[in-house]
Amino acid sequence: MEAESQASAIIPLALPKGAEKFCELCQREARLQCSKCRVTFYCAAEHQQADWVGIHERICQLLVPIRALTLCSLRQTSHTETQIKKAELIEICRLVAQSKLSEGKHQEALPAAQLCLRCSIDVHGPNTVQLVPAYLLLAEANMGLGNLDLVADFLSQAEWAVLKSPKCGLTIHHQLHRSLGRLHVAAGDLDTALHNFANDIYFATEEYGLDSTVTSRGYFLMADVFTKQGKISTVHSLYSEVARIWHRHLTRLLETRKESIQNPPVDSFYDKAERVEVDEMLRTMLEFEQKDTRKDPARIAVVAHCLAMLSFLGGDFLKAQGFGSTALQASQLIPDHDLTEPIQALLQLVKILHTVPHPGSAESQY
């Protein structure tokens, strides 16, 4: 249903005395309400439409039992049940915000991230470590919009919550340092950015292991800083580590699919956010290696093979064929290169499957 048809004017006389309503997005005095759930309010049609696109369409009816609590319903619904519903709402908002961020829709991600924070405060209280994921989402959305002052503010609140929680998990630490590193890169403070990315890698390694794909993202972000500093040999070293981790990981995934390779899955290996992120990261690395004046065919072969496997596992055979051909050409420049045979085998699979339509395959998933 169109967002415009979901708004109706608030009738002040229909509200209980003193029950002033505020806009869902900006907290100013509301003049409109969602005509479907009637428990969500807006200052103007623009904010109603932005909220509808951002998150409200997904959760409209879920808000009714949480917000429309009359005396009768309070007797029927326990506090615990309400908190459980709010916790479910937090997770939905988090996933929607993350999905929109992965698509580069930073403005659309804001309503979901904002509601995620408000519900988290309702459930866990202010200044608690459970608010950090919402702060990080808001920071990332505003980073994409160029609002660095807001990014700094959200990350400061996240840091404060972490400092107050000595037993805070390693994952929160690594995510916070990763966001801080990205903020300092945007602000031009490269040394501080490197310090935060080093902490990101340390905490990610402690939680996920040295060869984890999660850890590899920290190496990639650190390499970007060294690129800006002109330290090309260090960039090559870090990119090689990222490529090694992903090549090993994707090779294992490919091996697990060989028994059912006639119908490779499209969406089961990664969620959309991770697929987009990995594809972008590997493409950046391949472009860097190909533009280097002293091209190293071995490095090009590994990265291109990673992209070929990623595309194949995502069901995009055209891209798998293109990247596979690039990988094969690079590997054949090195006598008896150990990747030549696996690359040829992958290209043969692509050739077989690309000639026959299969349910679930897609020619363009990224």
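Here are some questions and answers about its cores, a helix and an annotated region.

This is a predicted model, in which local features need pLDDT of at least 70 and side-chain atom pairs count only at pLDDT 80 or more, while totals for chains, interfaces and linings use all residues. Residues are numbered from 1 along each chain as its sequence is written, and side-chain values use heavy atoms, leaving out hydrogens and water.

Q: What makes the set with Leu250, Met285 and Phe312 a nonpolar core?
A: A nonpolar core is a set of buried Ala, Val, Leu, Ile, Met, Phe, Trp, Tyr and Cys residues joined through side-chain atoms within 4.5 Å, where buried means under 20% relative accessible area with a 1.4 Å probe, protein chains only. The largest such core has 52 residues, and Leu250, Met285 and Phe312 have the most contacts inside it.

Q: Which helix gives the most to this core?
A: That is H13, with eleven residues; helices are DSSP runs of H or I, at least four residues long, numbered from the N terminus.

Q: What does Met285 touch?
A: Leaving aside residues up to four places away in sequence, Met285 touches Phe220, Tyr239, Val242, Ala243 and Val303; contact means heavy atoms within 4.5 Å.

Q: Where does UniProt place the feature "domain: MYND-type"?
A: The unreviewed entry puts it at residues 23-60, and such annotations may be inferred rather than shown by experiment.

Key. Buried < 20%, exposed > 50% of the residue type's maximum accessible area, 1.4 Å probe, protein only. Helix = DSSP H or I, 4+ residues; strand = E, 2+ residues; numbered from the N terminus.
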